[in-house]
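Reader: Could you take me through this model, beginning with a single contact and then widening the view?

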Amino acid sequence: MEKVSLDEWEIELEIKSRELKICQEEYNINSCLSCSKINSCKVRDAYVHAVYNSMNKGAGGGFEF
C-alpha cells in the first residue's frame with residue numbers, strides 16, 4: 001500500500017473537518033445548514049477557509065469550477 005503524505009494545508013483541513021463534525025454532533029445536526037448560527041459560526045468559517053486554502057495551497061486567488 002502506497003503511503004500518502006499530507007501537506008500543511010491538507011493537515012489543517014483534516015483538523016478543521018474534525019472540529020466541524022464535533023460541533024455538528026454537539027448540536028445533533030447533520031449539516032450546518034440546519035443550524036441557526038450558520039451566519040456567525042466561527043467553526044464553519046474556519047472550515048470553509050481551510051477548504052479554500054487546501055485547494056490553492058495558500059496562494060490566494062480565485063477558482064474556476
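Author: At the start of helix 1, the backbone nitrogen of Trp9 has a side-chain oxygen of Asp7 within 3.0 Å. Helices here are DSSP runs of H or I with at least four residues, numbered from the N terminus. The model is predicted: local features need pLDDT of at least 70, side-chain atom pairs count only at pLDDT 80 or more, and totals for chains, interfaces and linings use all residues. Residues are numbered from 1 along each chain as its sequence is written, and side-chain values use heavy atoms, leaving out hydrogens and water.

Reader: What span does helix 1 reach from its first C-alpha to its last?

Author: Helix 1 covers residues 8-26 and reaches 27 Å, close to the 27 Å expected at 1.5 Å a residue; the expected span is 1.5 Å times one less than the number of residues.

Reader: Which residues of helix 1 are buried?

Author: They are Lys16, Leu20, Cys23 and Gln24. Buried means under 20% relative accessible area, exposed over 50%, and partly exposed in between, with a 1.4 Å probe and protein chains only.

Reader: And what do the buried residues of helix 1 pack against?

Author: They pack against helix 2, residues 42-56. The face turned away from the buried side carries exposed Arg18, Glu25 and Glu26.

Reader: Changing topic, how many helices and strands does the chain have?

Author: The chain has 2 helices and 0 strands. Of its 65 residues, 17% count as buried.

Note on methods
Contact = heavy atoms within 4.5 Å. Polar contact = N/O pair within 3.5 Å; in protein donor to acceptor, adjacent residues only side chain to side chain.
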